[in-house]
2 protein chains.
Amino acid sequence: MNHLPLALVASAAALLAPLPALAQSDAEIAAARDAALTGDRVAWDIAEGLTTEVGPRMAGTEAEARARAWAKARLDQLGFSNVRIEPYMMKTWVRGVETAEIVSPFPQKMMVAALGNSSSTGPGGITAAIAYFPTFADLVAAPAGSLDGKIAYLSHDMHPTQDGSGYSFAGPVRWVGAGIAASKGAIATVIKSVGTDRHRNPHAGGTTFRDGVEPTPAGALSIPDAENLERMLARGKPVKMHLTLTPKWLGQTESGNVIADLPGSDPAAGMIVIACHLDSWDLGTGAIDDASGCGIITAAAKQVMAAGGTRRTIRLLWAGAEEVGVFGGAAYAEAHGEDKHVLAMESDFGADRVWKVDFNLADGALKDRIAQALAPLGISRGTDRAGGGADVGAIIAAQDLAVIDLAQDGLKYFDLHHTPDDTLDKIDPAQLRQNVAAWTATLMILGNAPGELAPQPAKAE
Amino acid sequence: MNHLPLALVASAAALLAPLPALAQSDAEIAAARDAALTGDRVAWDIAEGLTTEVGPRMAGTEAEARARAWAKARLDQLGFSNVRIEPYMMKTWVRGVETAEIVSPFPQKMMVAALGNSSSTGPGGITAAIAYFPTFADLVAAPAGSLDGKIAYLSHDMHPTQDGSGYSFAGPVRWVGAGIAASKGAIATVIKSVGTDRHRNPHAGGTTFRDGVEPTPAGALSIPDAENLERMLARGKPVKMHLTLTPKWLGQTESGNVIADLPGSDPAAGMIVIACHLDSWDLGTGAIDDASGCGIITAAAKQVMAAGGTRRTIRLLWAGAEEVGVFGGAAYAEAHGEDKHVLAMESDFGADRVWKVDFNLADGALKDRIAQALAPLGISRGTDRAGGGADVGAIIAAQDLAVIDLAQDGLKYFDLHHTPDDTLDKIDPAQLRQNVAAWTATLMILGNAPGELAPQPAKAE
């Protein structure tokens with residue numbers, strides 16, 4: 001109920017103010033959308049440039065700093081305003097040597113990558129018997145102490161899903177499995193990579209040890225290696241692994257966000273913040289995660305700029321340090337808690353096409369208009385409540401913002417996510433342009449929408 | 001003309017001898033073929049066992065020795081006769097550390113694997129400017145001395161082909177490129193992997209330095225890395241690479257062939273030798289190259305055994321050391337030059353379906369009968385002259401043998417060939433069984449075919 005009077009006041013104010021000279025008609029919005037669909041090169045050039053000229057951009061490293069400099073130069077060149085780097089400090093973890101091999105009964109090497117926050121085995125590695133947990137529930141059910149002296153091996157059966165929900169299903173194995181195994185006595189953990197491909201490329205990603213649990217070495221095996229290990233285990237003999245992981249903590253190092261604005265004609269109308277993240281895991285070149293997202297939001301904002309801009313300011317947030325703990329998103333919310341944001345969106349799910357739009361937005365007519373503008377792109381209207389993305393999570397929570405999700409097709413995303421295979425060739429330029437077109441239309445409509453942009457009312461108390 | 005009188009004599013002898021009790025009818029052959037098509041597990045079990053219980057089987061190493069022991073036990077268990085290991089010595093090369101990174105202008109790591117016969121950079125590696133050759137012809141055209149002090153980078157544009165001819169097109173880059181670059185002054189060579197995938201997995205394989213050319217370090221970049229390097233080069237600034245490859249020679253070590261027979265009812269009728277190779281490159285587990293081939297030929301011979309055998313002996317050759325120079329095939333021809341072989345076949349092109357049959361066989365009616373028996377498996381009759389495979393090349397040449405090629409579909413083969421991704425999951429059990437069915441029918445017909453098996457007459461002199 002709090003929003004309504006404010007919205008009425010704002011609407012009245014909008015009526016009194018001169019009409020925004022640049023509010024585009026439906027036809028103009030369709031034209032900008034379709035121009036992006038066929039002609040946009042900005043998104044591709046950003047993904048191509050970041051992967052070629054910078055490559056992997058691990059949070060807190062000098063590579064991420066080079067990426068920030070690259071981003072600032074590119075955003076300046078594209079004509080955005082107030083382009084700046086906003087630095088913050090963070091505790092930085094980096095990969096070391098990583099090898100795994102079965103010692104007995106069937107000696108052979110396996111491909112492994114340390115998980116973020118893994119401790120080190122030391123350079124000599126460790127050798128221990130494998131304790132096998134086919135599912136996360138099996139691990140949870142294991143008695144305390146039952147893993148003493150063992151290397152836990154945690155499996156799962158993840159399948160591709162269009163909405164990415166397979167990640168929620170299998171993800172706990174990576175997110176918290178090593179900590180649970182450690183709490184039950186395991187001296188290390190290896191997991192089946194949380195992914196859906198069949199390549200010898202482990203999936204990196206962070207794992208969390210809760211307070212009171214001493215971190216152990218933790219790594220992900222490639223999926224073919226995990227399957228091979230399971231075939232060995234099925235033969236019934238004890239399986240021993242030698243594991244060497246030597247990651248280390250660099251202490252506090254500098255990371256940062258890169259921010260740019262497309263100023264609106266009405267500074268009082270509040271900002272639409274659109275986000276991607278600039279950092280990447282270190283194994284690939286961060287093409288789909290998330291250079292493509294930075295390309296998409298920036299290309300769309302550039303299309304809006306070319307169409308004459310909007311009443312509301314559109315703010316680009318190329319966040320730092322998403323992968324390792326969303327430090328950039330937290331720093332943004334802290335630094336900009338006084339700025340007037342009205343809506344948040346994020347692109348951080350690869351480069352495949354947008355297949356549906358979800359809302360957390362009060363204005364039903366506005367939702368209808370956006371859904372209608374997206375329909376020619378084959379985008380259906382979803383029934384989920386939009387959540388935004390990691391990097392805008394803190395500012396959404398702090399300011400109770402409206403949110404729109406342009407949901408991308410996730411069927412192939414977890415073939416590539418956090419792997420060495422996250423490279424430019426995985427981006428389909430046509431699907432990338434469809435994203436830009438969808439974002440362009442959505443931003444043009446939102447930027448000039450009358451009244452206030454507010455989230456759906458919370459459930460009645 | 002020389003073959004005809006001998007064939008007539010042999011046919012006459014066959015008429016005088018008691019009819020082979022076990023010559024199968026067309027219906028019996030079709031039944032055995034179709035049983036293999038739907039029910040065979042022998043081929044899968046061999047591929048599964050070798051990849052799980054042994055893994056990579058680099059020629060001349062202890063892993064290849066374990067594979068020989070595994071193979072002998074399995075062939076004994078399946079009921080073959082005279083199963084034995086025939087050892088020979090060879091000069092053995094093994095991989096060391098291998099890293100590559102762009103030093104300037106765009107620092108980032110690349111995925112590299114040393115090529116067989118590569119020399120070592122030493123543990124500190126070397127740093128030099130890249131000299132780029134988009135095609136093999138460009139390298140050949142480079143003046144002597146023009147590569148002094150540089151790392152040659154050799155590219156190509158290989159595409160998938162069903163008959164595998166893309167390998168002949170792009171292969172010279174790997175087979176001899178490093179030697180040519182060295183002869184023109186290059187201190188090292190990196191190539192775009194000879195393959196057709198888009199994964200961060202370099203394709204291993206041998207390279208040859210001709211006499212008089214001092215070997216240099218030589219490696220293959222993964223294809224996404226090669227593409228990234230080419231994008232860097234396209235920006236026009238000099239590109240410098242730091243390359244570390246530390247392979248070494250172990251001197252003379254033991255390798256060996258594993259041989260097994262399905263004895264025929266008529267020892268004078270000569271042997272049909274069918275081959276695969278037991279060794280593999282070391283990056284993958286050698287599932288499609290060539291555990292599947294060993295599975296196919298062995299499963300088919302087992303089907304023939306179950307159907308009562310044939311007049312001719314069928315000899316299985318699981319050759320050693322194919323990948324690094326076909327040492328097993330040469331040792332076989334030397335050791336068995338006095339044995340009476342009449343026809344040779346090999347399975348060494350993965351596990352995908354047989355799509356055509358080619359012959360080098362004089363007997364037209366026999367070719368027709370085989371083609372007819374294969375037609376229900378969707379196998380067409382090709383127009384190429386069959387050549388056999390690497391491991392039977394020496395014995396074919398030594399004894400002027402008839403040959404049949406059951407040509408497998410190669411469209412996906414070079415996605416996997418010599419890469420870490422050559423793992424069990426890449427084998428489609430249904431296509432594997434189709435191979436076994438094709439081999440079963442072919443061997444049953446050949447094993448009992450009347451007369452002599454002779455190659456097509458050479459062209460008139």
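This is a predicted model: local features need pLDDT of at least 70, side-chain atom pairs count only at pLDDT 80 or more; totals for chains, interfaces and linings use all residues.
Let's start at one residue: A:N82 sits in strand β1 (residues 81–94) of chain A. Its phi is near 55°, a positive value in a residue other than glycine.

- Chain A has an open sheet of eight strands, ordered β3-β2-β9-β5-β6-β7-β8-β4, with mixed pairing.
- At its edges stand β3 (108–110) and β4 (112–114) of chain A; each has a single partner strand, so one side of each is left without a neighbour in the sheet.
- Neighbouring strands of this sheet are turned against each other by 35° on average, direction ignored.
- For a parallel pair, look at strand β7 (residues 188–192) and strand β8 (residues 218–221) of chain A, which pair over four bridges.
- Within β8(A), A:A220 is the bridge partner of A:I191.
- Helix α8 (residues 223–234) of chain A packs on the sheet and touches β2 (98–104), β3, β5 (126–133), β6 (151–154), β7 and β8 of chain A.
- The direction of helix α8 of chain A makes about 95° with that of β8(A).

**The sheet of chain B**

- In chain B, eight strands likewise form an open sheet in the order β3-β2-β9-β5-β6-β7-β8-β4, and the pairing is mixed.
- Its edge strands are β3 (108–110) and β4 (112–114) of chain B, each pairing on one side only.
- From one strand to the next, the twist averages 35°.
- For an antiparallel pair, turn to strand β2 (residues 98–104) and strand β9 (residues 240–245) of chain B, which are joined by six bridges.
- B:I102 stands opposite B:M241 in β9(B).
- α8(B) packs on this sheet, where the strands it touches include β5 (126–133), β6 (151–154), β7 (188–192) and β8 (218–221) of chain B.
- The direction of α8(B) makes about 95° with that of β8(B).

**How the two chains meet**

- The contact between the chains takes 22 residues from chain B and 22 residues from chain A.
- On the chain B side, α3 (42–54) and α8 (223–234) of chain B each supply at least two residues.
- The largest share of that side, five residues, belongs to α8(B).
- By class, the side of chain B that touches chain A divides into six nonpolar, eight polar and eight charged residues.
- Chain B superposes on chain A through a rotation of 180° with 0.0 Å of shift along its axis (RMSD 0.0 Å).
- The two copies are thus related as by a two-fold rotation axis.
- Of the interface residues of chain B, 100% are also interface residues in chain A, so the copies meet through the same surface.

**A helix pair across the contact**

- The axes of α8(A) and α3(B) come within 9 Å and cross at roughly 95°.
- Angles from 65 to 115 degrees count as roughly perpendicular, and α8(A) and α3(B) are therefore roughly perpendicular to each other.
- Here A:N228, A:R231 and A:M232 in α8(A) meet B:E48, B:T51 and B:T52 in α3(B).
- The residues of this helix contact are one nonpolar, three polar and two charged.

**Backbone details to check**

- The peptide bond from A:S104 to A:P105 is cis, with omega near 5°.
- A:P105 lies in the loop between β2 and β3 of chain A.
- In chain B, a cis peptide bond joins B:D289 and B:D290, with omega about 15°.
- B:D290 belongs to helix α9 (residues 287–306) of chain B.

Methods
Residues are numbered from 1 along each chain as its sequence is written. Chains are lettered from A and ligands numbered from 1 in the order in which they are written. Two strands pair if DSSP finds at least two bridges between them. Axes are lines fitted to C-alpha atoms, for helices over the stretch in contact, and angles run from 0 to 180 degrees between N-to-C directions. Two residues are in contact if their C-beta atoms, placed from the backbone, lie within 7 Å. Ala, Val, Leu, Ile, Met, Phe, Trp, Tyr, Cys and Pro count as nonpolar, Asp, Glu, Lys and Arg as charged, and the others, Gly among them, as polar. Copies are superposed by least squares on the C-alpha atoms of residues with pLDDT of at least 70 in both. Angles under 35 degrees count as roughly parallel, over 145 as roughly antiparallel, 65 to 115 as roughly perpendicular and the rest as oblique.
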